[in-house]
Amino acid sequence: MTTYQEFIQQNEGRDGVRFSWNLWPSSRLEATRLVVPVSCLFTPLKERPDLPPVQYEPVLCSRANCKAVLNPLCQVDFRAKIWACNFCFQRNPFPPSYAGISEVNQPAELMPQFSTIEYIVQRGPTAPLIFLYVVDTCLEEEDLQALKESLQMSLSLLPPNALVGLITFGRMVQVHELSCEGIAKSYVFRGTKDLSSKQIQEMLGLTKPAASGQQGRPLAPQDAAASCRFLQPVQKVDMNLTDLLGELQSDPWPVPQGKRPLRSTGVALSVAVGLLEGTFPNTGARVMLFIGGPPTQGPGMVVGDELKTPIRSWHDIQKDNARHLKKATKYYEAMANRSAVNGHSIDIYACALDQTGLLEMKCLSNLTGGHIVMGDSFNTSLFKQTFQRVFSKDNNGDFRMAFGGVLEVKTTRELKVCGAIGPCVSLNSKGSCVSENEMGIGGTSQWKVCSINPSTTLGFYFEVVNQHNAPVPQGGRGAIQFVTQYQHSNTQRRIRVTTIARNWADAQSQIQHIESSFDQEAAAVLMARLGVFRAESEEGPDVLRWLDRQLIRLCQKFGQFNKDDPTSFRLSESLSLYPQFMFHLRRSPFLQVFNNSPDESSYYRHHFVRQDLTQSLIMIQPILYSYSFYGPPEPVLLDSSSILPDRILLMDTFFQLVIYHGETIAQWRKAGYQDMAEHEVFKLLLQAPLDDAQEILQTRFPMPRYIDTEHGGSQARFLLSKVNPSQTHNNLYAWGQETGAPILTDDVSLQVFMDHLKKLAVSSSA
Amino acid sequence: APPHSSQPPVSTAYSAAPPPSYTQAPPPVSSAPTQPPPSGPAASQQYYGSPPPPSQQPFNSSLPPTSQQQFTSSSVPPPPSQQTLPPSSYSGPQSFPPSQPPFSSAPPPTSQPAFAPGPPPTAPGSFPPRAPPPSSQPGSYPPPTSAPSCQYPGPLPPQQQPPPSQPFPYHSGPPPPRAQMPPTSMAQSNHLPPGPQGPPGPPGPLQQPPSQPGMQTGYPPQQNGAFGQVRGPQPGYAGPYPGQPNYGAPAPAPAPAPPAQKRLDPDAIPSPIQVIEDDKAKSTEPFTTGVRGQAPPLVTTNFQVKDQGNASPRFVRCTAYNMPCTADMAKQSQVPLAAVVKPLATLPPDETPPYLVDHGEGGPIRCNRCKAYMCPYMQFIEGGRRFQCGFCSCVTEVPPHYFQHLDHTGKRVDCYDRPELSLGSYEFLATVDYCKNNKLPQPPAFIFLIDVSYNAVKSGMVSIVCQELKTLMDYLPRENPEMDSIVRVGFVTYNKVLHFYNVKSSLAQPQMLVVSDVSDMFVPLLDGFLVNVNESRLVIESLLDQIPEMFADTRETETVFGPVIQAGLEALKAADCAGKLFVFHTSLPIAEAPGKLKNREDKKLIGTDKEKSLFQPQVGFYNTLAKECVAQGCCVDLFLFPNQYVDVATLGVVPVSTGGSVYKYTYFQAQSDQERFLNDLRRDVQKPVGFDAVMRVRTSTGIRATDFFGSFFMSNTTDVELAGLDCDKAITVEFKHDDKLSEETGALMQCAVLYTSCSGQRRLRIHNMAVNCCSQLADLYRNCETDTIINFFSKYAFRGVLNNPTKAVRDTLVNQCAQILACYRKNCASPSSAGQLILPECMKLLPVYLNCVLKSDVLLPGADVSLDDRAYLRQLISCMDVTETHVFFYPRLLPLMKLESGSLPVAVRDSEERLSKGGVYLLETGLHLFLWVGASVQQELLLNIFGTPSFGQIDSSMTSLPVLDNPFSQRLREIIDSFRAQRSRYMKLMVVKQEDRAELIFRHFLVEDKSVSGGASYVDFLCHMHKEIRQLLS
């Protein structure tokens, strides 16, 4: 048998699934004792170029409350043309079209290698994709110019039949009518007034009676698309819209000294959501919000327009001093939910030096699967390239984005689903496989993910409900089926079905097996998601305590030690890295708010709960490569001891890409050795990390902040804050002078952390 | 007075003797009284003739000097003025003579139409010659008895002038016998100066009357004479005395007469035309304002004004130039004390506009206590170091920079160099202290808000407006014609949503911003909404070209209104400037929005106690809005193009409260109404206007401005706030006593208007007015101005209908008028028969004019008058000046049979009787212009005017006369043009053919006739008034 390592990778490659445990404890009691729940990271639309979608409808179990999809795990009676659902054991006849089925002539969905399969279904009319730009005009000239260019550029990236719309806002909110010639028309809303969706539609003349009487030329009543003057096919209004964008001016209302510009983000969003709601409910649409500052008026305002009142900090929030926080959050949450219900996702592109209110607005993207991109200015490659990457295409020339996803989980009867953590909302579908124990977004077996891209990854948490006294028969397998319905970017409706199964194991007799089936990377990420999820609603220290507690319990469960002898503590290989992940997680910006603004925290968390396992791990524990004359680049410990004068370090934290030149290297570089022919090698050495970095920059979304620094540089802090502070000003002299750089911090180092962990784990009193 | 005397004639026709002043002196003349007139026709003549000498005696002689003759004559007291019928008038026992004269004899001289010819002798009273017979001896007339009845027609109507005849006075009336009466005389007296009288004879001619019974001749003359005579020609006048007397006119006589005559002769009663013509005749010299207490010429007279320390009558006209000293007197007389102020009136080219005075950084010099501005009434003392305020007597230091030495008379040496020390009207440059928020004002803005709903587009209004605005952009108001106007412009169109336009100069195309959130209006843009015309010309033109196209296919029929004004207001607020909104609106705003209205026109309510509610706004929203507009200096002009009820009462609230105007084009059709609308619009856009104005009237101790009428808003009791104030707006101010006035110092008033000029300069316009004070009622009655009183009464009444049933309002007016006249009769006129109607010379037209007010559509609507029309007129009149109210209530009716260049034909009285079938007449009211064509008009005339020889071929739908190359046509069109030029609103010409259906409308303006809606004829009303007076006296 292959190793678990291989098994895991194979599974991930095929199904996009990583389970914390690859053997499942067979009873509830045992499962709880394992500390880390049975759970998985699931990437619903993992790119599978090798998986051609099939052009027919899936075959469903006929039991009304099951409706599981026929899959390789089902028992099939080829002769009787009957299959048994592996979830509910219902026996179902094959549909007529399967008449020719036999052992040698099996449909794809029955073949084991198609545990993940994608169906293209013909349901209802296909709707074009919709992109609605919501643009803040309270920007500096330069920023606005850059943004306008990016937007104009993006028009060429859209599929020609996609519908586009434009809403601009500042003190007022303007919805631009795109269909007209001659005078450019726009509908204007006051930025301070909370309008209901119905009011908005009435004011835009979208309701029936109004539509007939609206001024302007008579509307072509053929299809919905034509009747909405605000959303038009790109190919039709390309020129028009380019001009319109070109003429966009900064918000003309004067901003008095000492004031912030009045920015009606809340109303703008509300109008955008209302517009889509009224015209294209349940159609894939992206609302792309570009903001250059916080909402300063109207519903959803985050900060007043007085510059003397700074935007809320974590300190304010903890002191309950953030005046607008609750109200704004509630406002945006309501909007996010409305938008999610209609299947529209909301992206936020926030570029400003100060905070822009992401904390309050994050749910817009978090609940609808939208992106959040945070940068300093629209005039940076970070924004420009990231934005461009939103429209990246796969090998088939399709956008890497899907809309209106509904993800359903079905489990065999020993399992129930507790919840999901990721960019989704609950659809409140209570079924037999829904656990009462909620973890993440629970209480449902269906979630809506308004926008999914190939890397979107959700964490699912399960509960083993099998009672201890009713053991699963030896060799029994538990199964989980993920059914993802979505609108492909080419407007097809598709259903992707992933069915996976794992063996049950008796935790008492097979604890070693279970231990070795532990996927510590997945577990770390899944636990981290739980922690981050909690951190959204709980105090930071409580979350840390909870995480610590879980870690200690896990170590107690699986560690080998003599009671009260920390030095005897050992962890098996399958768990050995786990504590280190937890150490870095504790220090990560996902749980630590120190030194981060609330917006940054929200931003980091946003990405953390949606990226796949690899990226998530990088976020938890950044990768550090070292470049030197002494050999090929090598990964090195994320430790201050790795910071050496004659090395170049490349650190990838997902959000930042730091190239750090050691002291000596920096001096050489300054001296210009790289330009001398005889030091060609040095030049190559300098170039190597740049090339590697470039490679990462090319692929990552959002594009990381790229930092090129050196010993003593101010930007070196990005590196110093991440490495394990094994050397600090406190213990500097205990260590050799030559090895690494001391970090000026009071944070505990990994060593200290481990020492404590061991002590606690072996403690008999714990 | 003396001086005037020369003129004497004039004065009152009827009544009283001619005003003292002028007048009468001559009277004597007339007074032919002597003439025994009564008797036969012949007599009458005599009068004339004789008058001069002898005649007077009775009356005159008796009378004080001159004047009065007429009625009053007797009344010694007021010697002059009053006309009035001689007291005695008929009643008078014979005594008339004197008194009567007016009518009778006395008048003769002048011609008063008079009443009666009172045969001086005894009978003078006689107007009524006829009737009187019996009783009367003397008075002849009318025996008292009849009085009542007489008045009215009742009496014998039949006989008298046979209806038909009416036209000519003569005949009819003059029942032969009586004729004699003095009637003539009386009449004459009034107007005609003695001299004229003589002429009476001539009149005769006119009159033709003779024809009739013949008798007249005698009389006729007289009467006519009165007015007519002189003028003889006028057909109109000539009424025979006869009938009339009774009624009103001759008041005096009337009564009694009636019986006799039955009917008052229309020619025997005071004729507006006569009064107007007399005033013209005597006003040859420029009017100088330096003499306190002197009444200016009538508004119908062309005259030049020389400012010598009091404001020109073009700026301020008072009801009384001799105010009673005490509140008791004022109360007793019931004469309203009011001034009609038109602060920014345009002056004719030959008069200098007010000088602009700059007192430097400290701002205008003012009294420390009452804050009155430096003016000629400030008395410099202590060698010029201080000045004593003429209003409150407080002594204030003269600031060093303003110090100047005094000459030996106590005047500052620089008195004549400084407008504020020597003139009645001038302007101060205001400092920043006089500005809102202590900030110099921003240039004002004009915002055009155009209804683009279905009706608006369909009627052609939208394209007409857009087309016109392109041109008008070059005619925005400016002070210096050389410079570009600094007024910025903005554009909005709307139906049930609003469309704002960005017309920033940098745009290639205008941008439309739609605001559909009408419940909470705001301005969607700042930059680019209000623009300088020159900079954005191309974009504006492009916009105006596109608007009609864009909405050509609209199917939206609902409109909003409140939000439209709010939008303009918000735009001005955002731009931090004052300005004016031009709203072009078509329909009742029924779309869901603030200020939404429902159709509440309910004819059943008319005449009930609830009628008043129809004049009140149906929702309070607009009052609040108006208040906000005023605070911002946002003036609203509303152009309405209704096809049905739009609730002008409500829609007009904001315009009326912000100093704006309402223009209404019912059933607007591009073809026929375009010209009127465009001319109104042009004028409205171009006319000089001030913004964000506050008017304050200060008065000397003893009186106080207590009430104001006009288009404005008041948030306290003293400051009249006008968001906009243009050159056509007048404000009527009523004064009340709060203490005694002294004859010595008179009463002073200073009207200061703080405003922002169209060039964006903050200024104060000051008008000073000093009037005399009197302790004798007679003095009061001698220096009143009836036109101004009517202006006041109409505004007072039209405001009254908001809170009272119209009937009550009418009664109040009649009552007050009766009291005024009764007081005169009682206190000023010489004793005479109770049955005789005696009118003060300067108020002899009060009854006729008052009747016109009472019959107006507002107070007495006909069945075809819509509620909107009434509300519209009500609001319109509230800001009219005296000139406008005069012609509005008593339209000008010109016979066109003969036209001469350089002068207008003499008008005829507004009565069907005065129209000749063979004639063509032009009638103007300031709002309407009619060309009435008699059924048997001469071909030549038709050819000259219409280019067609046949009556039947005249196209009565034409709105302008064909341009024909003949002197007559040219002159006629010139006249029409000049009429239009004189009025603030363009008058659409309506051609009315006799016997045509449209004639009904025309007849409505023949205000001396009985109206279809039940309004009394002049004659009837005069009788009624007389009855009222008699009741009061008894």
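**Figure 1. Chain B of the predicted model, shown as a whole.** In this predicted model, the secondary structure of chain B comprises 34 helices and 27 strands. Of the 1034 residues in chain B, 67% are buried.

**Figure 2. Helix 18 and helix 24 of chain B.** Helix 18 (residues 461–472) of chain B packs on helix 24 (residues 670–686) of chain B at an angle of about 35°, the two axes being 11 Å apart, and the crossing of helix 18 of chain B and helix 24 of chain B is right-handed. From helix 18 of chain B, the contact draws on Ile464(B), Val465(B), Glu468(B) and Leu472(B), while helix 24 of chain B brings Ala670(B), Gln674(B), Phe677(B), Leu678(B), Leu681(B), Arg682(B), Val685(B) and Gln686(B). By class, the residues of this contact between helix 18 of chain B and helix 24 of chain B are eight nonpolar, two polar and two charged.

**Figure 3. The buried residues of helix 24 of chain B and their surroundings.** The buried residues in helix 24 of chain B are Asp673(B), Arg676(B), Phe677(B), Leu678(B), Asp680(B), Leu681(B), Asp684(B) and Val685(B). Besides helix 18, the elements of chain B against which these buried residues pack are strand 11 (445–451), strand 15 (579–585), strand 16 (634–640), strand 17 (662–664) and strand 27 (988–993). In the loop between strand 17 and helix 24 of chain B lies Tyr667(B), which has a positive phi of about 50° although it is not a glycine. Most residues other than glycine have a negative phi. Tyr667(B) has a relative accessible area of 56% and is therefore exposed.

**Figure 4. Leu588(B) in a loop of chain B.** Leu588(B) belongs to the loop between strand 15 and helix 21 (621–632) of chain B. Because its relative accessible area is 9%, Leu588(B) counts as buried. Leaving aside residues up to four places away in sequence, Leu588(B) touches Thr559(B), Leu597(B), Lys598(B), Asn599(B), Tyr645(B), Val646(B) and Asp647(B). Leu588(B) and Phe561(B), separated by 27 residues in sequence, have their C-alpha atoms 8.3 Å apart in space.

**Figure 5. Helix 26 and helix 27 of chain B.** The axes of helix 26 (residues 786–800) of chain B and helix 27 (residues 806–827) of chain B come within 9 Å and cross at roughly 150°. Since angles over 145 degrees count as roughly antiparallel, helix 26 of chain B and helix 27 of chain B are roughly antiparallel to each other. The crossing of helix 26 of chain B and helix 27 of chain B is right-handed. Phe793(B), Ala797(B) and Gly800(B) in helix 26 of chain B meet Val809(B), Leu813(B), Gln816(B) and Ile820(B) in helix 27 of chain B, and this contact of helix 26 of chain B with helix 27 of chain B has five nonpolar, two polar and no charged residues.

**Figure 6. Helix 3 and helix 12 of chain A.** In chain A, the axes of helix 3 (residues 141–157) and helix 12 (residues 381–390) come within 10 Å and cross at roughly 20°, so helix 3 of chain A is roughly parallel to helix 12 of chain A. Their crossing is right-handed. Ala146(A), Leu147(A), Ser150(A), Leu151(A), Met153(A), Ser154(A) and Leu157(A) of helix 3 of chain A meet Phe383(A), Lys384(A), Phe387(A) and Gln388(A) of helix 12 of chain A, and by class the residues of this contact are seven nonpolar, three polar and one charged.

**Figure 7. Arg286(A) in strand 13 of chain A.** Arg286(A), placed in strand 13 (residues 285–291) of chain A, counts as buried because its relative accessibility is 0%. Apart from residues up to four places away in sequence, Arg286(A) touches Ile130(A), Phe131(A), Leu132(A), Ser345(A), Asp347(A), Gly369(A), Gly370(A), His371(A), Met401(A), Phe403(A) and Ser451(A).

**Figure 8. Backbone geometry at two loops of chain A.** Phe654(A), in the loop between strand 27 (648–652) and strand 28 (656–661) of chain A, has a positive phi of about 80° although it is not a glycine. Phe654(A) counts as buried, with 1% relative accessibility. Pro702(A) lies in the loop between helix 20 (680–699) and strand 29 (705–710) of chain A, and the peptide bond from Phe701(A) to Pro702(A) is cis, with omega near -10°. Most peptide bonds are trans.

Note on methods:
Residues numbered from 1 in each chain as written. Chains lettered and ligands numbered in written order. Predicted model: local features only at pLDDT ≥ 70, side-chain atom pairs only at ≥ 80, totals over all residues. Heavy atoms only, no water. Helix = DSSP H or I, 4+ residues; strand = E, 2+ residues; numbered from the N terminus. Buried < 20%, exposed > 50% of the residue type's maximum accessible area, 1.4 Å probe, protein only. Axes fitted to C-alpha atoms, helices over the stretch in contact; angles between N-to-C directions. Parallel < 35°, antiparallel > 145°, perpendicular 65-115°, else oblique. Left-handed = near helix turned anticlockwise from the far one by under 90°. Contact = heavy atoms within 4.5 Å. Nonpolar A, V, L, I, M, F, W, Y, C, P; charged D, E, K, R; others polar.
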